[in-house]
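Subject: Structure for you to look at

Hello,

Here is the structure I said I would pass on. Please open it first; my notes follow below it.

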Amino acid sequence: MSDMPTRRDVLAGMAGLLVGGAAASASAQSFGSPSSRRKPAVTFAHLTDIHVKPEDGAADGMVKALRHAQVHPSRPAFMVNGGDAIFDALAVSPERAHALWKLWGETLAMNKAMPMRHCIGNHDIYGWNKTKSGAAGTEPYYGKQWAMEAYQLESPYYSFGFGGWHFIVLDSCFPTGRPDGFVYRPLLDQEQFEWLRGELASVPEATPICVISHVPIVSACALFYGPPQDPDAPWPYLPLLVHLDARRIKDLFARHKNVKVCVSGHIHLVEALEYNGVSYYCNGAVCGDLWRGAHQDCQPGYAIVKLYDDGTSECEYVPWQS
Ligand SMILES: [Fe+2]
């Protein structure tokens, strides 16, 4: 017997919140040439960069965002946690990391009425900043292990099928070996790249593919991250913001024309762009500017991603405070 609320309980509690204004200040983007007879195949809510913590009203905000997304009029079938669920595990003590994962788990359990898929973000990784975390690197929960347990993942990258689409969830971050500063680099190691190559080869050409990663594979908004640029040292954070191996990933995608959509987070900015037949949606951040309101041009929000049977898509960014 469990004290946990049922899906019906949670949805009933949300009914009063039914989000009349959900789409009022949303922005939608779409690419491709939809056929006049296309049918909706999958709709999911993409909540990325929640960064929950005990301070700054973050847990209350997480609850509101979860409830907002699950009663969205588009009726998502499931949610995707795009990574960076907590703030932060890279550079804190194990006691602090434990408190954060506990807060995440309890808040999610009380407010989740539909399945959620998880993608690992850089801030979910424990201890890589050894200077600040004090981690030795030999702890059993070091690195991605803690996040994998919190997300109940057997592998940091995986795939699944839903509604006639094939979904591939990637693991974007690998250690630089530095004790502080730039402790990770966004890329796929060779093992994961080979797995991705095999995965794409195994999916029938008629099945459209949606790739989910924490760090964007292709992004323009990454150029605006951080303070105004010093013209002599532009874009100092760019090596942390976009997949460093984007060229070989987009070349791989070019050999599999059924790769249609990539969704990501990480930048806390919203964009939709198309490159070489693939729609890249970078979907802001639930926490905005780490629970201090909007991050530059981006309100705290999540995305509703609509995938159609002809491989086309739409992505709507929904500020959850509206
Ligand atoms: Fe983040």
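In what order do the 6 strands of the open sheet run? The model is a predicted one, and in it the order is β5-β6-β9-β10-β12-β11, with mixed pairing. At the edges are β5 (158-162) and β11 (270-275), each of which pairs on one side only. On average, neighbouring strands of this sheet are turned by 20° against each other, direction ignored.

Strand β6 (residues 165-169) pairs with strand β9 (residues 209-212) in the parallel sense, over 4 bridges. Here H166 stands opposite I209 in β9.

The other part to look at is a pair of helices. Helix α2 (residues 58-70) packs against helix α3 (residues 94-111) at an angle of about 35°, and their axes are 10 Å apart. The crossing of α2 past α3 is right-handed. On the α2 side the contact is made by A59, M62, V63, L66 and R67, and on the α3 side by L103, T107 and N111. Sorted by class, these are 5 nonpolar, 2 polar and 1 charged residues. An α-helix has 3.6 residues a turn, so residues three or four places apart point the same way.

As for α2 itself, its 13 residues reach 18 Å from first C-alpha to last, close to the 18 Å expected at 1.5 Å a residue. The buried residues of α2 are A58, G61, M62, A65, L66, R67, H68, A69 and Q70.

Regards

Key
Residues are numbered from 1 along each chain as its sequence is written. This is a predicted model: local features need pLDDT of at least 70, side-chain atom pairs count only at pLDDT 80 or more; totals for chains, interfaces and linings use all residues. Axes are lines fitted to C-alpha atoms, for helices over the stretch in contact, and angles run from 0 to 180 degrees between N-to-C directions. Helices (H or I, at least four residues) and strands (E, at least two) are DSSP runs, numbered from the N terminus. A crossing is left-handed if the near helix is turned anticlockwise from the far one by less than a right angle, and right-handed if clockwise. Two residues are in contact if their C-beta atoms, placed from the backbone, lie within 7 Å. Ala, Val, Leu, Ile, Met, Phe, Trp, Tyr, Cys and Pro count as nonpolar, Asp, Glu, Lys and Arg as charged, and the others, Gly among them, as polar. The expected span of a helix is 1.5 Å times one less than its number of residues. A residue is buried if 20 or more other C-beta atoms lie within 10 Å of its own, exposed if 12 or fewer, and partly exposed in between; C-beta atoms are placed from the backbone. Two strands pair if DSSP finds at least two bridges between them.
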